[in-house]
Amino acid sequence: MSVALVAAALLAAGMALVRYAPERPPGDGDARPVPSSPASAAPGRETLRDLMPPGVKIGSAVDGRGLSLEPAYRALLGTEFNAMTAENAMKWRNLEPLPGVYAWTGADQLVDFAHQHGQAVYGHTLVWHSDVPKWVSPDWPADQVRAVLQEHVTTVVSRYRGRVWAWDVVNEVLDEDGTLRDTLWLRKLGPGYVADAFRWAHAADPGARLFINDYGVEGRTRKSDALLKLVRDLRRAGVPVDGVGFQSHLRWDQPPRDLTGNLRRFAQLGVSVAITELDVRVALPATPQKLERQATLYRQVLRACLAVTACVSFTVWGFTDARSWIPGYHRGYGAACLFDGSLAPKPAHAALLDELRRQLPRAASPSPG
Ligand code: XIL
């Protein structure tokens, strides 16, 4: 039997040849491709990855120590997700601790793991005001700052050309009031650095999807209004912005205002949208009631993503409370992830599975008549 015939037979039998589908073109609307069959689920129990509709990636941020040291962490990462983001390993300070001296090991390990497990890698992050190496000096003249930033973007994107499906090209460039954040890049290079970063990244890997990523923009806020305008202006100027990332570091008691409508208005600009860093922190101590509300919010964010065709991925910022950044950064809060500190699934995980299953019968049921 020829390869083509084997492939045709497998397809006819309803078996997926690849675990995640190529990206759908950006657009908006409620039409969804038929979700992958639950028959592809690993024996035992269905995972998020098994139930996710094709064309929407389900990812997690990955902690370097978990990845290299913990078999149980690796196992869950490999089975629940078909995409991942480096929580820290691809940040500039970690990649280039000294000028021209690169430390690729952590990022390479992540990319290798992803590819061994059929997972897409979302690159995070090229231009940010935080985690800039200490040797980049605010005293340098503008030309030097520009050269070093261009070199950084070009080197990192080139290294992973063809192996990273999307990049956060710029991260958190807006202030809460919607103006461009006062950073070294803005002060030295002026507002044009945003467009330049996209052009450099595009030149280094024309196949990568290029995102602008921010927090506090999930609902309709002053900041999301400003982001919408920024993205529109960039696209009108021909800047290769392909997508908008909504970090979604949420609080259990503060759902964003009109999440779905907000994602839609971005989609209408012709860009993809993505949930890039979702976690839902609760005020400690976590109670069953709080974890139920947390689960509802996780579900709502997934539902919003699935309701907007342009939403191409749904990523949580770590999957276990054992390794979450929240307790270290948000005093009094924690328990923000889908799995607890012992890697047992929480109500939020069950809620996501349930939401995905609810989408199945509708799409999979035979058409009437
Ligand atoms: C956080 C990591 O989770 C922490 O481990 C690290 O110490 C600081 O950065 N927005 C972002 C992420 O874009 O890179 C941040 O990640 C969380 C907020």
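**Exercise 1. Find which residues ring pairs link into a cluster with Tyr73.**

Solution. Ring pairs join Tyr73 to Phe81, Phe319 and Phe339 in a cluster. The model is predicted: local features need pLDDT of at least 70, side-chain atom pairs count only at pLDDT 80 or more, and totals for chains, interfaces and linings use all residues. Residues are numbered from 1 along each chain as its sequence is written, and side-chain values use heavy atoms, with hydrogens and water left out.

The pairing rule takes rings of Phe, Tyr and Trp (its six-membered ring) with centres within 6.5 Å; planes under 30 degrees apart are stacked, over 60 edge-to-face, and the rest tilted. By this rule there are 13 aromatic pairs.

**Exercise 2. Classify the pair of Tyr122 and Trp165, and state which parts of the chain it ties together.**

Solution. Step one: Tyr122 and Trp165 are edge-to-face, with 5.9 Å centre to centre and 65 degrees between the planes.

Step two: locate both residues. Helices (H or I, at least four residues) and strands (E, at least two) are DSSP runs, numbered from the N terminus. Tyr122 belongs to strand S3 (residues 120-123). Trp165 is in the loop between helix H7 (142-159) and strand S4 (166-171). The pair therefore ties together parts 43 residues apart in sequence.

Step three: check burial. Tyr122 is buried at 4% relative accessibility. Trp165 is buried too, at 14%.

Step four: look for a charge. One sits over a ring if NZ of Lys or CZ of Arg is within 6 Å of the ring centre and within 35 degrees of the ring normal. The charged end of Lys57 sits over the Trp165 ring, 4.4 Å from its centre.

**Exercise 3. Locate the cis peptide bonds at Thr125 and Pro285.**

Solution. The bond from His124 to Thr125 is cis, with omega near -5 degrees. Thr125 lies in the loop between S3 and H7. The bond joining Leu284 and Pro285 is also cis, with omega about 0 degrees. Pro285 lies in the loop between strand S8 (272-283) and helix H12 (288-307).

**Exercise 4. Describe the backbone and setting of Glu172 and Ala335.**

Solution. Glu172 is not a glycine, yet its phi is positive, about 60 degrees. Its place is the loop between S4 and helix H8 (184-189). Glu172 is buried at 11% relative accessibility.

Ala335 has a positive phi near 50 degrees. It lies in the loop between strand S10 (333-334) and helix H14 (347-364). Ala335 is buried, at 19%.

**Exercise 5. Identify the residues through which H11 and H12 meet.**

Solution. Step one: contact means heavy atoms within 4.5 Å. From H11 come Leu259, Thr260, Leu263 and Arg264. H12 brings Gln300, Val301, Ala304, Cys305 and Ala307.

Step two: sort them. Ala, Val, Leu, Ile, Met, Phe, Trp, Tyr, Cys and Pro count as nonpolar, Asp, Glu, Lys and Arg as charged, and the others, Gly among them, as polar. The contact has six nonpolar residues, two polar and one charged.

Technical notes:
Buried < 20%, exposed > 50% of the residue type's maximum accessible area, 1.4 Å probe, protein only.
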